Amino acid sequence: MVTESFKETLKLYNEGLQLYKTRKFKEAWELFKKAVEITPNDGPSKKYIGRCEAFIANPPPEDWDGVFEMKTK
């Protein structure tokens, strides 16, 4: 059974992902944070929060293809 809170989390994640793909990292970060507030163990949103923070601090190049390259292990 899919709960209403999970549906809301999924909606926020999908909206955040679209913003992320269009380089709107701050807006995407806000939606991923809201998703984690609703569903604290939401791993995908947590991962994208970190990626957004990295790109807010150091934006990707203009020819960015959407791939996140890890700088450390």
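## The loop between α1 and α2

Where does T22 lie? In this predicted model, T22 is located in the loop that runs between α1 and α2. Is T22 buried, partly exposed or exposed? The relative accessible area of T22 is 47%. Because a residue counts as buried under 20% and as exposed over 50%, T22 is partly exposed.

The side chain of T22 has a polar atom that lies 3.2 Å from the backbone oxygen of Q18. T22 can also be placed relative to G66: the two residues are 44 apart in sequence, and their C-alpha atoms are 8.7 Å apart in space.

## Helix α2

Helix α2 covers residues 25-38, which makes 14 residues.

Which residues of α2 are buried? They are F25, A28, L31, F32, A35 and V36. Viewed down the axis of α2, these buried residues fall within an arc of 140°, so they line one face of the helix.

## The loop between α2 and α3

T39 has its place in the loop between α2 and α3. With a relative accessibility of 16%, T39 counts as buried, because the limit for a buried residue is under 20%.

Which residues does T39 contact, once its neighbours within four places in sequence are left aside? The contacts are with S5 and T9. With T9 there is also a polar contact from side chain to side chain, at 2.5 Å.

## Aromatic residues

How many aromatic pairs does the structure hold? There are 11. In one of them, the ring centres of Y20 and F25 are 5.5 Å apart and the ring planes stand at 75°. Since an angle over 60 degrees counts as edge-to-face, the pair of Y20 and F25 is edge-to-face. Both Y20 and F25 are buried.

Y20 also forms an aromatic pair with F55, which is tilted, with 6.1 Å from centre to centre and 40° between the planes. This pair links distant parts of the chain: Y20 belongs to helix α1 and F55 to helix α3, and the two are 35 residues apart. Like Y20, F55 is buried.

A single aromatic cluster is formed by Y13, Y20, F25, F32, Y48, F55, W64 and F68. One member of this cluster, Y48, has R51 lying over the face of its ring, at 5.1 Å from the ring centre.

## W64 in the segment after α3

W64, another member of the aromatic cluster, is found in the segment after α3. Is W64 buried or exposed? Its relative accessibility is 14%, so W64 counts as buried.

Not counting residues up to four places away in sequence, W64 touches Y20, K21, R23, F25 and F55. Among these, Y20, F25 and F55 belong to the aromatic cluster as well. For K21, the separation from W64 is 43 residues along the chain, while the C-alpha atoms of the two residues are separated by 9.7 Å.

Terms used: Residues are numbered from 1 along each chain as its sequence is written. This is a predicted model: local features need pLDDT of at least 70, side-chain atom pairs count only at pLDDT 80 or more; totals for chains, interfaces and linings use all residues. Side-chain values use heavy atoms; hydrogens and water are left out. Helices (H or I, at least four residues) and strands (E, at least two) are DSSP runs, numbered from the N terminus. The expected span of a helix is 1.5 Å times one less than its number of residues. Buried means under 20% relative accessible area, exposed over 50%, partly exposed in between (1.4 Å probe, protein chains only). The arc is that of the directions from the helix axis to the C-beta atoms. A polar contact is a pair of N or O atoms within 3.5 Å; within protein, one must be able to donate a hydrogen and the other to accept it, and residues adjacent in sequence count only if both atoms are side-chain atoms. Contact means heavy atoms within 4.5 Å. Rings of Phe, Tyr and Trp (its six-membered ring) pair if their centres lie within 6.5 Å; planes under 30 degrees apart count as stacked, over 60 as edge-to-face and the rest as tilted. A charge sits over a ring if NZ of Lys or CZ of Arg is within 6 Å of the ring centre and within 35 degrees of the ring normal.
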